[in-house]
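These are my notes from an afternoon of looking through one structure.

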Amino acid sequence: MSTDAKTRAAPPRDHLLGIASDLFYREGINTVGVDRILSEAGVTRSTMYRHFAGKEQLVIAYLQREDALIRAQFDAAAKHAVSPDHLLELAVEGVAEDAARHHTRGCPFINATAEYSDPASPVRGVVAEHRAWFRAAMREFLAAAGRDDPDGRADTFVMLRDAVLVGTYLDDPDKVRTTFLRNARNVAGLP
């Protein structure tokens, strides 16, 4: 079944969110209007408003969906890890894989922040929540592995993640991946 067929088979809310998410990520949030989303999704305005109060709520749902997907990847890694060091390795590899396969046009959270400059906006709130979760998850992994200064290392890892997501889009993805892996493994205290 094609991705489009899967999306169309989804419940109306999920279908609409899937189409909007793809458009927001590929083309930018502010460049994609509600009419375009409705047209591509093949749904009416009333269907959208039944599920989302407006475009901003759709943007928030898009970012929450991105957050949930990344958290699910981390949860899966935690279930498969055989040791704290293995979990760190899975996290490092997971970020590199995410940048190379799923987020080749940059970080959806950084991209959204560029379009929503008001730090008090609900969209920026979702971005802040995601970043706080990611930092805390990395801090937890580093502490469980017995690394010194897990707070500082987690902060550095957040910056490296930002760099690989943006760098993969702007520069040679293979070189960026190699540089990220070398530096992230160093920060994580991995060989």
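Accessible areas come from the Shrake-Rupley method with a 1.4 Å probe, and for residues only the protein chains shown count as cover.

I noted that the model is predicted, so local features need pLDDT of at least 70 and side-chain atom pairs pLDDT 80 or more, while totals for chains, interfaces and linings use all residues. Residues are numbered from 1 along each chain as its sequence is written, and side-chain values use heavy atoms, without hydrogens and water.

On the surface I found a nonpolar patch of Val166, Tyr169 and Leu170, with about 270 Å² of accessible area together. Leu170 is exposed (over 50% relative accessible area; buried is under 20%, partly exposed in between), because its relative accessible area is 58%.

Next I looked up aromatic pairs (rings of Phe, Tyr and Trp, its six-membered ring, with centres within 6.5 Å; planes under 30 degrees apart are stacked, over 60 edge-to-face, the rest tilted), and the count comes to seven. Phe74 and Trp133 form an edge-to-face pair, 5.3 Å centre to centre with 65° between the planes, and both residues are buried. Phe74 also pairs edge-to-face with Phe134, at 5.6 Å and 65°.

Technical notes:
Patches are made of residues with over 30% relative accessible area and no salt bridge: like charges are joined within 9 Å, nonpolar side chains (Val, Leu, Ile, Met, Phe, Trp, Tyr) within 5 Å. A salt bridge is a side-chain nitrogen of Lys or Arg within 4 Å of a carboxyl oxygen of Asp or Glu. Buried means under 20% relative accessible area, exposed over 50%, partly exposed in between (1.4 Å probe, protein chains only).
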